[in-house]
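This briefing covers a few sites in one protein chain. Please have the sequence and the coordinates open while reading.

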Amino acid sequence: MTQPVQSGINPIYIFEKNRIKEFEHWQTINLQLNEIYKIKNGVCATGQLKPVLREKYYLLEMFPYPSGKIHMGHVRNYTIGDVIARYKSMKGFNVLHPMGWDAFGMPAENAAIANNIQPAAWTYENIRAMKHQLKQLGFSYDWDREIATCTPDYYRWEQWLFIQMFKKGMAYRKESYVNWCDPCNTVLANEQVENGACWRCGKPVRQKKLSQWFFKITDFAQDLLDHCDQLPGWPDKVTTMQKNWIGKSTGAEIDFAVEGSDQVIKVYTTRHDTVLGATFMCLAPEHPMVESLSKNTPQEEAITEFQERMSKENRSSQTIEDYEKEGVFTGSYCINPLTNRKMPVYAANFALMEYGTGAVMSVPAHDQRDFEFAKKYDLDIIVVIKPDDQDIADIAVSEAYTGPGIMVNSIQFDGITNKDAQEKIADFLEKNNLGKRSINYRLRDWGISRQRFWGTPVPMVHCDHCGIVPVAEEDLPVVLPENVDLLKGGGSPLTRLESFINTTCPECGKPAKRETDTMDTFVESSWYFERYCSPHCDTAMFDKAAVDYWMPVDQYIGGVEHAVLHLLYSRYFTRVLHDLQMVNYKEPFTRLLTQGMVCKETLSCPEHGFLFPEEAKVDGDTYFCTKCNSKVSVGRVEKMSKSKKNVIDPNTLLEKYGADTVRLFCLFAAPPGKRPGME
């Protein structure tokens, strides 16, 4: 029989007290059971089970960024992983199921600036809070293997690897145009630009010329591409996305000599069958030859203005098709190597440095962009391919002809099909040293420099006598100061911190300056799965025997949005480790599950930006900001994101229903692969 509640005691208090006692009880049980989850190089910490008795199984979910709270997207992802881990354990496998924190990054820095605290303090407090939440959910993590990428004992080895890559020519520094986000005040890799906008803040990206550090991922382009067909445990969608991003094409590289100069414009094209119809040349505004070609010509000022204007525009392969084609004559000409025709050289908005060499031999009769440009600037249009059933006079009148046909106006190549002409023209180019057959990749080297504070310092020193030299390995890590005055609006305080900048050259001992760039945070997440195998190893990046036993990861779980970011970079880093003879495998993840995304509409206040759901109140069909009472805009339904604040706090559901119910509901309402919404 139910006992009556004692007079004067609040029933809610009794419920809360019992809930806390229940949680403490389960935490005690979890501590007792934690020996099951503690794994050491294939042997339980108790030493009772040897690896020869049980087959290993490495289950890993993508580790979270410590933003302060987990959201339902995390709960779903980690619940799926936990089910697999427990199932494999019950089937007798020796299961490794670790957890850690992708702890460097711009959000921590921005939050620290906004709240006048240090990024380190903000990050570590968030880790504490999120770890508590994960423990509330009862996931089977081996917490003894917990890592945080912002700790010196982690990034020390990242700096060590950078130095090895530098010595091997895999890491280098050069001046180039880079993707620059003004609101974030930093460089973005090509993979971090989505439809011309910053992947994090959504604002337009512009081109800026800077000296940057790069990793030579292009050295592995073909190998990365080949192995896309050797990943049977990966979704076809992901391997297709990676193939498209690597973007292999076969064509020819053709040399166009600049009139009155010893300079040569090199062009990569897949349509060398049309080279005899090339009547002008277009260079990307940021092409390194644009300045030299216009220097001391009447066009120099116009070119400079055009370059500055183009640097501020959203120019990407996804957006330029919709742009009106425009350009500026450089004042120089080049020579068509097959026709000896003098061709004006333009800087044009539709030419991109990210494709080929950044130079486009323009054939207006057979390319629509070139056709539109030629019509606008009254440039010659010469037909060199004609279909059998059409007269030359009827071709390229209102639009370019891009189909197959017979070669015309092509000297010795007249009368053959354009397909046959490709081979014959390639032979002619190579025989006469005018060009060569060539393979091109869309993939570009990975720009890893960031001009922000909260990241791994690049371990290099600038010396007036010795040049750029690596920090001595015995002096690693180069520790990021954790108590600095952050600059409003971003930017790195390291550039003004003399105690950090001033050092001595490792080679000559004279005064020198430290590099102040930090590394892209995707560098940290490109090898963390190896570190989990021996997280306390203090003599190397990882214990090789442990990695030989555990790697590769048997089942990896995470979002498809990382297909050409984290997943591609991780595959690249594994190849670097393989080349350095540190691992004996090339692919880090045997099976990949992209579990789908938990989605919710965004709420935005004109004064306070994105709002959490609890920061908006509803009056009828209209939302208002609880901070300023302004009308709130309801955005589209999209992936839950802490940066856009369209997240649901699992604590609300945990307090109401408990962990078991929340986990079970996630699997029932949103099984793997389904794109769920949250009401």
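The sulfur of C505 lies 3.7 Å from the closest cysteine sulfur, which is in C463, and that is too far for a bond. The model is predicted, with a mean pLDDT of 88 for the protein.

**Cysteines**

- C505 has a relative accessibility of 3% and counts as buried, whereas C508, with a relative accessible area of 33%, is partly exposed.

**Nonpolar cores**

- The largest nonpolar core has 115 residues.
- The residues with the most contacts inside this core are Y58, F162, F215, W446, Y528, Y556 and Y572.
- Setting aside residues up to four places away in sequence, Y556 touches L60, E61, M62, Y528, H566, L567, F589, R591, L592 and L593.
- Another core, of 41 residues, lies apart from the largest one; I254, V328, A347 and A365 are among its members.

- Q133 is part of helix α4, which covers residues 119-136.
- Its relative accessible area is 4%; because buried means under 20%, Q133 is buried.
- A polar atom of the Q133 side chain lies 2.9 Å from the backbone nitrogen of I70.
- The Q133 side chain also makes a polar contact, at 3.3 Å, with the side chain of N651.
- Beyond four places in sequence, the residues in contact with Q133 are G68, K69, I70, D649, P650 and N651.

**G68**

- G68 sits in the loop that runs between β3 (56-61) and α2 (72-90).
- With a relative accessibility of 15%, G68 counts as buried, because the limit for buried is under 20%.
- Apart from neighbours within four places in sequence, G68 is in contact with N126, A129, M130 and Q133.
- G68 and W122 are 54 residues apart along the chain, and their C-alpha atoms are separated by 8.5 Å.

**T274**

- T274 belongs to the loop between β11 (264-269) and β12 (280-283).
- T274 has a relative accessible area of 3% and is buried.
- Not counting residues up to four places away in sequence, T274 touches M361, V363, H366, V384 and I385.
- The C-alpha atoms of T274 and Q422 are 8.6 Å apart in space, while the two residues are 148 apart in sequence.

**Confidence**

- Of the residues in the protein, 89% reach a pLDDT of 70 or more.
- Over residues 1-16, pLDDT stays under 50, and the model has three contacts beyond four places in sequence for this stretch.
- Over residues 42-52, pLDDT likewise stays under 50, and here the model has 20 contacts beyond four places in sequence.
- Where pLDDT is low, the predicted coordinates should not be read in detail.

Key:
Residues numbered from 1 in each chain as written. Predicted model: local features only at pLDDT ≥ 70, side-chain atom pairs only at ≥ 80, totals over all residues. Heavy atoms only, no water. pLDDT = per-residue confidence, 0-100. Contact = heavy atoms within 4.5 Å. Helix = DSSP H or I, 4+ residues; strand = E, 2+ residues; numbered from the N terminus. Buried < 20%, exposed > 50% of the residue type's maximum accessible area, 1.4 Å probe, protein only. Core = buried A, V, L, I, M, F, W, Y, C linked by side-chain atoms within 4.5 Å. Disulfide = S-S within 2.5 Å. Polar contact = N/O pair within 3.5 Å; in protein donor to acceptor, adjacent residues only side chain to side chain.
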